[in-house]
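Please look through the sequence and the model shown below before reading on. The briefing then takes up a sheet and the helices, one topic at a time.

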Amino acid sequence: MGLFDRFKKKAPEPAPEWPKPPREDTMALLLMDRVLEDIDPAIERLKKAFGDSAVSDIDRSHPQVPAFTVTVDALEFWCSCLPMPVPREEQDIAAKAQHNLFLKPEEREAFCNHKSFWVIAQKGGGKTLEGKRRTCWNFSLLCAALLELEGAVGVSVINTALLVSRENYLSYRVQMEGRSWNDPDWFPVPLWLWFYRGLQEEKPTVQTQGLTEFGLPELAFFDPKLPVQDVLNYLFTMSSWQITGKQLYRNMALIPLTEEVEVVSKQDGDTIFFIGG
């Protein structure tokens with residue numbers, strides 16, 4: 001059944017309630033252009049960013065895969081450094097880089113040629129939308145601190161096709177200054193969501209990937225007539241408002257974008273499409 005066929009139903013099926021429970025665990029990979037000789041510079045960088053007691057449980061029992069725990073805002077994050085490229089069966093970094101809208105050619109090349117990577121994980125902090133938001137905010141602060149290391153390339157977010165370059169990541173870290181994880185108006189969505197062009201019923205779309213990690217519907221513009229940059233700006237803001245809880249988009253709602261333009265929302269599975277923009 002097509003997207004527009006569903007408008008013909010006299011009694012549409014009830015849409016799932018949002019938000020749903022988020023994914024409790026959060027993980028990302030931070031890629032390096034070299035194999036680190038020692039993790040001490042990373043530990044010092046993290047202590048400088050979060051305090052001398054922030055790093056604990058340093059484990060050097062495996063000489064090539066050291067690990068430690070970092071505490072940020074009372075949340076514990078596990079970090080480990082692996083002296084090899086990311087195995088393709090785990091993540092195909094080259095394929096992700098090829099389809100990323102926001103990487104410069106030299107950044108794309110750096111991701112493809114990385115030599116080692118950090119695994120960063122937080123267990124159990126995302127049981128609610130509020131908890132997931134707080135976890136990801138502090139996760140972003142931790143990644144930004146490690147990206148200050150010489151040789152850092154960028155971040156690959158698990159369960160999405162998203163790659164964020166070091167330069168882009170640190171630019172959003174600057175925007176986080178003076179804000180907090182419970183800011184109702186803003187969240188650094190480009191550090192957690194992939195924005196991409198797709199197809200639905202042979203019509204172009206611009207969509208998000210990653211909102212379901214927060215227990216929220218993905219958002220998409222169906223066959224948009226607006227310039228792509230305008231569509232992306234709307235998706236950035238709308239995604240941010242969903243994550244902060246300021247606005248949850250529902251099935252079959254009229255949503256004004258400007259005084260002249262409004263869209264109708266239509267849910268299809270776990271995605272809400274905006275039609276008419």
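**A helix across a sheet**

In this predicted model, helix α1 lies across the strands β2, β3 (67-72) and β5, and the helix runs at about 10° to β3.

- Seven strands make up an open sheet, in the order β2-β3-β4-β5-β1-β6-β7, and their pairing is antiparallel.
- The edges of the sheet are taken by β2 (55-59) and β7, each of which has a single partner strand, so one side of each is left without a neighbour in the sheet.
- On average, and with direction ignored, neighbouring strands of this sheet are turned by 20° against each other.

**Strand β1 and its two partners**

- Strand β1 (residues 26-32) is joined to strand β5 (residues 116-122) by seven bridges, and these two strands run antiparallel.
- Within this pairing, Met27 is found opposite Ala121 of β5.
- Strand β1 is also joined to β6, in this case by five bridges, and the two again run antiparallel.
- Here Ala28 has Val157 in β6 as its bridge partner.

- Strand β6 (residues 152-157) is mostly covered, since six of its six residues are buried.
- Three bridges connect β6 with strand β7 (residues 163-165), and the two strands run antiparallel.
- Together β6 and β7 form a hairpin with five residues between them, and in the turn Asn159 has a positive phi of about 70°.

**How α1 packs against α4**

- Two packed helices are described by the angle between their axes and by the distance between those axes.
- For helix α1 (residues 40-50) and helix α4 (residues 129-146), the axes come within 9 Å and cross at roughly 130°, which means that α1 is oblique to α4.
- The crossing of these two helices, α1 and α4, is right-handed.
- On the side of α1 the contact is made by Ala42, Arg45, Leu46, Ala49 and Phe50, while α4 contributes Leu141, Leu142, Ala145 and Leu146.
- Sorted by class, the residues in the contact of α1 with α4 comprise eight nonpolar, no polar and one charged.

How values were computed
Residues numbered from 1 in each chain as written. Predicted model: local features only at pLDDT ≥ 70, side-chain atom pairs only at ≥ 80, totals over all residues. Heavy atoms only, no water. Axes fitted to C-alpha atoms, helices over the stretch in contact; angles between N-to-C directions. Helix = DSSP H or I, 4+ residues; strand = E, 2+ residues; numbered from the N terminus. Parallel < 35°, antiparallel > 145°, perpendicular 65-115°, else oblique. Left-handed = near helix turned anticlockwise from the far one by under 90°. Contact = heavy atoms within 4.5 Å. Nonpolar A, V, L, I, M, F, W, Y, C, P; charged D, E, K, R; others polar. Buried < 20%, exposed > 50% of the residue type's maximum accessible area, 1.4 Å probe, protein only. Pairing = 2+ DSSP bridges.
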